[in-house]
Amino acid sequence: MQALNSLGRYAPQTLALLRIVTALIFIAHGTQKLFGFPAAPASGLPAMFTLFWFGAILEAFGGLLILVGLWTRPVAFILSGQMAYAYWLFHAPRSVYPLLNGGDAAILYCFIFLYLVFAGAGAWALDNRSKG
């Protein structure tokens with residue numbers, strides 16, 4: 001058990017990996033809706049200034065800020081709220097069960113971003129640069 005307890009010293013790097021991987025996947029959701037990359041959504045690209053378009057902006061550019069670890073806590077707070085909103089507005093009305101309503105990713109993003117609000121960016125983040 002002692003060997004497992006010593007893994008705590010890698011917590012900042014592991015938190016950074018969680019932040020980076022989450023951001024990369026989240027950015028892909030935004031670029032899909034904004035630019036049709038890596039593939040256009042089945043429903044087509046959202047019209048400018050619609051709710052889906054603003055969501056895509058948050059996903060792409062908020063995800064980019066999370067990726068580099070810049071303003072992590074406030075951006076993660078906004079993205080967590082976005083995912084909670086997306087879940088309750090678009091997924092929950094379909095079914096009580098996340099597996100059936102397609103909202104499991106929104107729930108995971110919501111709580112990962114909420115965790116980042118409290119835990120911060122971890123290692124390898126622009127938030128960690130010295131203020132001197």
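1. Let us start with the length of α6 (104-119). Its 16 residues should span 22 Å at 1.5 Å a residue, and its end C-alpha atoms are 22 Å apart, which agrees. The expected span is 1.5 Å times one less than the number of residues. Helices here are DSSP runs (H or I, at least four residues), numbered from the N terminus.

2. A word on the source: this is a predicted model, in which local features need pLDDT of at least 70 and side-chain atom pairs count only at pLDDT 80 or more, while totals for chains, interfaces and linings use all residues. Residues are numbered from 1 along each chain as its sequence is written, and side-chain values use heavy atoms, with hydrogens and water left out.

3. Which residues of α6 are buried? They are Ala106, Tyr109, Cys110, Phe113, Leu116 and Val117, where buried means under 20% relative accessible area and exposed over 50% (1.4 Å probe, protein chains only). Down the axis of α6, these buried residues fall within an arc of 130°, so they line one face of the helix; the arc is that of the directions from the helix axis to the C-beta atoms. On the other side of α6 you will find Leu108, Phe111 and Phe118 exposed.

4. The cover over the buried residues of α6 includes α2, α3 and α4, with contact taken as heavy atoms within 4.5 Å. After α6 comes Gly120, with a positive phi near 85°.

5. Now for α4, with 20 residues: from first C-alpha to last it reaches 26 Å, close to the 28 Å expected at 1.5 Å a residue. Its buried residues include Thr72, Val75, Leu79, Met83, Tyr87 and His91. Seen down the axis of α4, the buried residues fall within an arc of 160°, so they line one face of the helix. They pack against α2, α3, α5 (98-101) and α6, whereas Phe77 and Trp88 are exposed on the face turned away from the buried side.

6. Do look at the largest pocket, which holds about 660 Å³ of space. Among its 26 lining residues, Lys33, Phe52, Glu59, Ala86 and Phe90 are the closest to its centre. A pocket is an open set of points on a 1 Å grid over the protein atoms alone where a 1.4 Å probe fits, with protein on both sides within 12 Å along at least five of seven lines; lining residues have an atom within 4 Å of a point. The volume is the space filled by probe spheres set on the points, which are joined across faces, edges and corners.

7. Which element gives the largest share of that lining? The answer is α3, with 7 residues.

Key:
Helix = DSSP H or I, 4+ residues; strand = E, 2+ residues; numbered from the N terminus.
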